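Subject: Structure for you to look at

Hello,

Here is the structure I said I would pass on. Please open it beside this message and follow along; my notes come after it.

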Amino acid sequence: MKPAAEITHIRAPASIAAAKRSGSSKSAFCKDITTMTKPAASVLITCYNKGILLNRAVESLLKQDTADFEIILVDDCSQDPETLACIAKIRREHPEIRYCRHPVNRGFSQAKMTGVEMSRSDLILLLDADDAFPYPDIVRRVTEVFHTHLEIDFICGNYFMNGKPKDCSVLATGDYIDNYKLARSWCLLGSSPFRKQMLKRVGGFNANYSNVDDMEFFRRAILAGSRGYYLNAVIYSWNIQSDSMSRGVSPRDRAKLFFRTIRFDYRFLPLPVFIKRLASYSVKLLCTRP
């Protein structure tokens, strides 16, 4: 039997903005979880030694202009005193945020899977502890798209990467993600919102590919028939750090991913491009150290 993680889930969320509009003197999130209906969305924050950057992620959620979502914070056994102090303060000031701490460090993939298992909504929005939602309408806009387009399984939007805007319209044909364009230029963010049912259909994040588990997951999902929607708006602020859960991908990791999901490239790339990529990644895998 696996060791139990510490889990706290007391209240369901509501935004500070909503609390101010209602004239409430409470900071936010005033309804008890036992009386709440299932939230429209679950936002999962995964954290490992992020220090005060975690505050920025949480604050971006507290500023959202909708009350209909829950926040789940998964701490992957952080040891940094600054991070532990931030988490303690957040739990003290915002008991509505559901919390889990892994008894041992389990890695990026398992931290996300723990959050998914705790979630009560079918709509999942991922947020690394050093990232943020840049605008207060992100959760509302994303959930509205999912509710309007029942045929889609995930959403790709534009994002900031270390403050610089990234336009993902190159991936779309009309309103939908074009898998042939995506195969040529992968800029789909690993934290793209998705339906929980998609994850259940194709399996979760693969811990064997912890550095590229999100890319591997979405490639697997697309091969299984999952459909993506392009939301022409900035929905994420991605802060890449050397020790980040959202850090850059090494050439060797990309090569491993290519061979893990080789069917994706073979299916969606022109044959000459596929052969060239096959040769390139073969060299990278052979010439780089594990």
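Helix α8 is followed by Gly 225, whose phi is positive, near 105°. This is a predicted model, so please read everything below as computed from the prediction.

What does Asp 213 meet in a salt bridge? The partner is Lys 112, with 2.8 Å from N to O. Lys 112 sits in helix α4 (residues 108-118) and Asp 213 in helix α8, so this pair links distant parts of the chain, 101 residues apart. Asp 213 counts as buried because its relative accessibility is 2%, and buried means under 20%. Lys 112 is buried too, with a relative accessible area of 9%.

Other salt bridges

The count of salt bridges comes to 14. Another one joins Lys 50 and Asp 130, whose closest N and O atoms are 3.7 Å apart. Lys 50 lies in the loop between β2 (41-47) and α2 (53-62), while Asp 130 lies in the loop between β5 and α5 (138-148), so the pair ties together parts that are 80 residues apart in sequence. Both Lys 50 and Asp 130 are buried.

A further salt bridge is formed by the side chains of Arg 140 and Asp 65, at 3.0 Å from N to O. Arg 140 belongs to helix α5 and Asp 65 to the loop between α2 and β3, so here parts that are 75 residues apart in sequence are tied together. Are these two residues buried, partly exposed or exposed? Arg 140 counts as partly exposed, at 29% relative accessibility. Asp 65 is partly exposed as well, with a relative accessible area of 24%. Asp 65 and Arg 140 also belong to a network of salt bridges that takes in Glu 144.

Most residues other than glycine have a negative phi. You will find Cys 77 in the loop between β3 (69-75) and α3 (81-93). Cys 77 counts as buried, at 10% relative accessibility.

Asn 162 is placed in the loop between β6 and β7 (164-166). With a relative accessible area of 44%, Asn 162 is partly exposed.

Strand β7 contains Pro 165. Pro 165 is exposed, with a relative accessible area of 65%. The C-alpha atom of Pro 165 is separated by 8.1 Å from that of Val 234, although the two residues are 69 apart along the chain.

The cavity

How many cavities of 30 Å³ or more does the structure hold? There is 1. About 70 Å³ of space lies in the largest cavity. The elements that give two or more residues to its lining are β5 (123-128), β6 (154-161) and β11 (228-238). Among the lining residues are Leu 125, Leu 126, Cys 156, Gly 157, Ile 235 and Tyr 236. The lining also includes Phe 133, Ile 138, Leu 189 and Pro 193. By type, the lining divides into 9 nonpolar residues, 3 polar and no charged.

The surface

Which residues form a nonpolar patch on the surface? They are Tyr 266, Leu 271 and Ile 275, which together have about 340 Å² of accessible area. Tyr 266 is found in helix α10 (residues 262-268). Tyr 266 counts as exposed because its relative accessibility is 56%, and exposed means over 50%.

That is the end of my notes.

Regards

Terms used:
Residues numbered from 1 in each chain as written. Heavy atoms only, no water. 1 Å grid on protein atoms, 1.4 Å probe; cavity = no way out; pocket = protein on both sides within 12 Å on 5 of 7 lines; lining within 4 Å. Points joined across faces, edges and corners; volume = space filled by probe spheres on them. Helix = DSSP H or I, 4+ residues; strand = E, 2+ residues; numbered from the N terminus. Nonpolar A, V, L, I, M, F, W, Y, C, P; charged D, E, K, R; others polar. Patch = residues over 30% accessible without salt bridge, like charges linked within 9 Å, V, L, I, M, F, W, Y side chains within 5 Å. Areas by Shrake-Rupley, 256 points an atom, 1.4 Å probe, with all protein chains shown as cover. Salt bridge = Lys/Arg side-chain N within 4 Å of Asp/Glu carboxyl O. Buried < 20%, exposed > 50% of the residue type's maximum accessible area, 1.4 Å probe, protein only.
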